[in-house]
Amino acid sequence: MTTKTELSPTARESKNAQDMQVDEVLIPRKVPSLFSARYGIALVLHLCNFTTIAQNVIMNITMVAMVNSTSPQSQFNGSSEGLPVDSFGDLSKAPKSLSAKAPVYDWSPQTQGIIFGAVGYGGILTMAPSGYLAGRVGTKRVVGISLFATSFLTLCIPLAADFGIVFLIITRIVQGLSQCSVIGGQFAIWEKWGPPHERSRLCSIALSGMLLGCFSAILIGGFISETLGWPFVFYIFGGVGCVCCLLWFIVIYDDPISYPWISTSEKEYIISSLKQQVRSSQQPLPIKAVLRSLPIWSICLGCFSHQWLVSTMIVYIPTYISSVYHVNIRDNGLLSALPFIVAWVIGIVGGYLADFLLTKNFRLITVRKIATILGNLPASALIVSLPYLSSSYITATALLTLSCALSTLCQSGIYINVLDIAPRHSSFLMGASRGFSSMAPVIVPTVSGFLLSQDPEFGWRNVFFLLFAINLSGLIFYLIFGEADVQDWAKERKLTRL
């Protein structure tokens, strides 16, 4: 489908004219990006995403130590204190340093799935409102307050688990509200900081922090759980989040005009590159037109299907390696983390590659769809092949690493597509699309936990085939209806103001 798009240069003359107009603005005023303020903003967002996702993911690796079994028949009583053992009950291999330091709970796979999914409930409720609020009151306030809230709640997780499963689920739900506000609220900053032909790399740098967070949480979480006990995983990452929150309030400003450490040339470059865009806060959102927009729905469904893939990998990689290959928690953390550090590199490179293709006169829609195809189809196909090709945990890790790395290419595709089609309303619509996709992290653990408990022999195959079917459906819908030109309902508001 992307080839067909490339061979019709006259079909969208207005779109090409728009790209040429942006180029005319950007080229003469371009300044070096190294050590520039806008890339400093991207790096700070990188750190915030690192912290937020690390706090989200640590439950996935500590769960191995918290229950000490991935099977429904756990041999431990709820909240019993004792010596945590390997995932399959080998007491002789239990680390002595964990003695009497961490409680162990008797949670079935279905209960674990509810705990995993609880943090995602908030995303459905807060992604779109946080994006809208950030467009109104500023990204600095929305993200900063939310980052502090999720860090504080991370510190409270061990206490909530001791109080009982209900308290733990409630804490995770509230934590999800805060985490999703960090993610949904951050995109508004690129309305004022991101030159159009640099948004792929800026967003990739910022969003790749999530991958580094996954890597660090899964890797370090395993070692901390084994040496200090799983509660210290939450204490450490919660403390890191509080420090990151302080840095956020010191360094971040909502626009380049008020930024005290930006050069005059860079400020003029950013302002001139964005001068044809009107801020969403100055215009009412045409709700009816948005709801009728197939490109918007294609983004929402495409993001949902991709999040189903990502959520399955993040939540179930540690459990899959532990249950299938009988790997202890320390080695499990290392093997589960490896795919995410490779994906971190690929995600950043993918952003630069997307912007490079734009400088070579590739159409914007072509670049977005190529990135989306490469981030979905090969990744989900590799996951489906796991039960058939993984003769050892080394093979499985290699397949998971390649799948996870390719999936990050979507950062330069479907995830920033809203900035292309409705830049003046992007803060709300980015949050809305991410909020719609946040249903996947809620549904995936519950559905996957049910499939695994119902069919122990073929449960993983069922989980992976369902992933592939959903991922492919969302991709096809996006390829048919996805666009990259500014929509009519986004243009008309600008014309009336002139």
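Residues are numbered from 1 along each chain as its sequence is written, and side-chain values use heavy atoms, with hydrogens and water left out. Because the model is predicted, local features need pLDDT of at least 70 and side-chain atom pairs count only at pLDDT 80 or more, while totals for chains, interfaces and linings use all residues.

**Helix 3 and helix 6**

Two packed helices are described by the angle between their axes and the distance between the axes. Helix 3 spans residues 37-67, and helix 6 spans residues 165-185. Helices here are DSSP runs (H or I, at least four residues), numbered from the N terminus. The two axes come within 10 Å and cross at roughly 150°. That makes helix 3 roughly antiparallel to helix 6 (angles over 145 degrees count as such). Axes are lines fitted to C-alpha atoms over the stretch in contact, and angles run from 0 to 180 degrees between N-to-C directions. The crossing is left-handed (the near helix is turned anticlockwise from the far one by less than a right angle).

Which residues of helix 3 meet helix 6? They are Thr52, Ile53, Gln55, Asn56 and Met59. Their partners in helix 6 are Leu168, Arg172, Gln175, Gln179, Val182 and Ile183. Contact means heavy atoms within 4.5 Å. The residues of this contact divide into five nonpolar, five polar and one charged (Ala, Val, Leu, Ile, Met, Phe, Trp, Tyr, Cys and Pro count as nonpolar, Asp, Glu, Lys and Arg as charged, and the others, Gly among them, as polar).

**Val384**

Val384 is found in helix 14, residues 364-389. Its relative accessibility is 13%, so Val384 counts as buried (buried means under 20% relative accessible area, exposed over 50%, partly exposed in between, with a 1.4 Å probe and protein chains only). Val384 touches Phe464, Phe465 and Phe468, not counting residues up to four places away in sequence. Val384 and Asn462 are 78 residues apart in sequence, yet 9.2 Å apart in space, C-alpha to C-alpha.

**Aromatic rings**

The structure holds 20 aromatic pairs. Rings of Phe, Tyr and Trp (its six-membered ring) pair if their centres lie within 6.5 Å; planes under 30 degrees apart count as stacked, over 60 as edge-to-face and the rest as tilted. Two of the pairs are tabulated.

| Pair | Centre to centre | Angle between planes | Class |
|---|---|---|---|
| Trp230 and Phe234 | 6.1 Å | 90° | edge-to-face |
| Tyr259 and Trp261 | 5.5 Å | 85° | edge-to-face |

Trp230 is buried at 1% relative accessibility, and Phe234 is buried at 1%. Tyr259 is buried at 10%, whereas Trp261 is exposed at 55%. Ring pairs also link Phe116, Tyr316, Tyr320, Trp460 and Phe464 into a cluster.

Technical notes. Helix = DSSP H or I, 4+ residues; strand = E, 2+ residues; numbered from the N terminus. Parallel < 35°, antiparallel > 145°, perpendicular 65-115°, else oblique.
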